[in-house]
Amino acid sequence: MKRAVALVAAALACSVVSAHAQDTSMSFFVTSANPGKGGDLGGLAGADAYCAQLATVSGSTGKTWKAYLSTDTENAKDRIGNGPWYNAKGEKIADDVASLHSDKNNLTKQTALNEKGEVINGRGDTPNRHDILTGSNPDGTAAADTCGNWTMGGAEGAAVVGHSDRAGLDESAAAKSWNSSHKTQGGCTGEAFKTTGGDGLFYCFAAN
């Protein structure tokens, strides 16, 4: 009897693990729009809340959302959980933090979708919106420019951005980087972001 109970328990445990492993619901997206104040996202807390808001509107529930943004006290790579992450169409972006920050990730123009499952305009499109706010180095650690830790939306400051379409002015690693391509110019306003090919968008990851 005890053996039978043990076998049933083991089967149920395997079933739970299998169901969890097969969860390909959205756990990653690019914001479809900026909250409205350029680089002033209300700090990390405000950016996280915006990720959660967009996810809820899109029909995603039960997840804890974190913005992929660094500050002078926090690294983007440490905020987003362990993975794996999937876009709105169930396509895997990366298995874990290490693969996300390596050549093994699956971030391209076709997979870096917003919460609605739409492609973000990239280089060659009008308007180009591929500059994604990160404030991060290629390894996901904090860079120096973060629009005042995401509290500045005026003519001062700058932010490091990545290219969601993995394309730029040349074939350099920076031009093809999803999270660390260059700094913005002309301040942290929404209009300033547009001058280099952005719209104040940022990445959101489910941390659980």
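Let me start with C188, which counts as buried at 0% relative accessibility, where buried means under 20% relative accessible area, exposed means over 50%, and partly exposed lies in between, with a 1.4 Å probe and protein chains only. Please keep in mind that this is a predicted model, in which local features need pLDDT of at least 70 and side-chain atom pairs count only at pLDDT 80 or more, while totals for chains, interfaces and linings use all residues. Residues are numbered from 1 along each chain as its sequence is written, and side-chain values use heavy atoms, with hydrogens and water left out.

Now, what does C188 form with C147? The two form a disulfide, with their sulfur atoms 2.1 Å apart, and by disulfide I mean a pair of cysteine sulfur atoms within 2.5 Å. The torsion about the S-S bond of C147 and C188 is about -100°, so this disulfide is left-handed. C147 lies in helix α4, residues 147-150, and C188 in the loop between β7 (182-183) and α5 (190-195), so the pair ties together parts that are 41 residues apart in sequence. Helices (H or I, at least four residues) and strands (E, at least two) are DSSP runs, numbered from the N terminus. C147 is buried as well, with a relative accessible area of 1%.

A search of the whole structure finds 2 disulfides, and C51 is joined to C204 by a disulfide with an S to S distance of 2.0 Å. This link is left-handed, with -75° about the S-S bond. Since C51 belongs to helix α2 (residues 43-57) and C204 to strand β8 (residues 198-206), the pair ties together parts that are 153 residues apart in sequence. Both C51 and C204 are buried. If we count bonded cysteines along the chain, the disulfides follow the pattern 1-4, 2-3.

Let me turn to the nonpolar cores, each being a set of buried Ala, Val, Leu, Ile, Met, Phe, Trp, Tyr and Cys residues joined through side-chain atoms within 4.5 Å. The largest has 22 residues, of which F29, W65, L69, L133, W150 and F202 touch the most other members. The elements giving two or more residues to this core are α2, β2 (65-67), α4 and β8, and α2 gives the most, with 6 residues. Apart from this core lies another, of 17 residues, among them Y68, I93, I120 and W178.

Finally, F29 is in contact (heavy atoms within 4.5 Å) with residues including C51, W65, F202 and C204, leaving aside its neighbours within four places in sequence.
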